[in-house]
Amino acid sequence: MEELKVRFNKIYAGLPLGLRNDIVVVIDPDGPITWHAAYIEVYNNTDKGKEILGKLAELEII
């Protein structure tokens with residue numbers, strides 16, 4: 001899981017500020033997740049953050 005966090009953070013750090021509000025993934029019926037929302041979840045080590053990392057890896061985004 002740490003490797004996925006590192007890969008996510010490298011990609012997030014390289015994103016232009018304007019793209020951080022773009023949708024990156026949809027993991028539940030509550031709605032889409034933006035890069036910024038994903039960063040907050042990953043940074044805080046939430047269960048949703050772990051799910052986001054797993055989905056992004058599965059989709060080969062990170």
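Two strands are said to pair if DSSP finds at least two bridges between them. Helices (H or I, at least four residues) and strands (E, at least two) are DSSP runs, numbered from the N terminus. The model described here is predicted: local features need pLDDT of at least 70, side-chain atom pairs count only at pLDDT 80 or more, and totals for chains, interfaces and linings use all residues. Residues are numbered from 1 along each chain as its sequence is written, and side-chain values use heavy atoms, with hydrogens and water left out.

**Strands**

- Strand E1 (residues 23-28) pairs with strand E2 (residues 31-34) in the antiparallel sense, over four bridges.
- Ile23 has Thr34 of E2 as its bridge partner.

**Nonpolar core**

- A nonpolar core is a set of buried Ala, Val, Leu, Ile, Met, Phe, Trp, Tyr and Cys residues joined through side-chain atoms within 4.5 Å; buried means under 20% relative accessible area, exposed over 50%, and partly exposed in between (1.4 Å probe, protein chains only).
- The largest nonpolar core has 15 residues, of which Phe8, Val25, Ile52 and Leu56 touch the most other members.
- At least two residues of this core come from each of H1, E1, helix H2 (35-43) and helix H3 (47-58).
- Ile52 is in contact (heavy atoms within 4.5 Å) with Val25, Ile27, Ile33, Ala38 and Glu41, leaving aside its neighbours within four places in sequence.

**Buried charged residues**

- Lys and Arg count as positive and Asp and Glu as negative, while His and the chain ends are not counted.
- A salt bridge is a side-chain nitrogen of Lys or Arg within 4 Å of a carboxyl oxygen of Asp or Glu.
- Arg20 sits in the loop between helix H1 (2-14) and E1.
- Arg20 is buried without a salt bridge, and Asp22, the nearest side chain of opposite charge, is 11 Å away.
- Not counting residues up to four places away in sequence, Arg20 touches Tyr12, Ala13, Leu15, Thr34, Trp35 and His36.
- Lys5, which is part of helix H1, is also buried and has no salt bridge; its nearest side chain of opposite charge is Glu2, 4.1 Å away.
- Val42, Asn45 and Leu53 are touched by Lys5, not counting residues up to four places away in sequence.

**Start of the chain**

- Met1 belongs to the segment before H1 and counts as exposed because its relative accessibility is 52%.
- Met1 and Asn45 are 44 residues apart along the chain, and their C-alpha atoms are separated by 10 Å.
- Met1 touches Lys50 and Leu53, not counting residues up to four places away in sequence.
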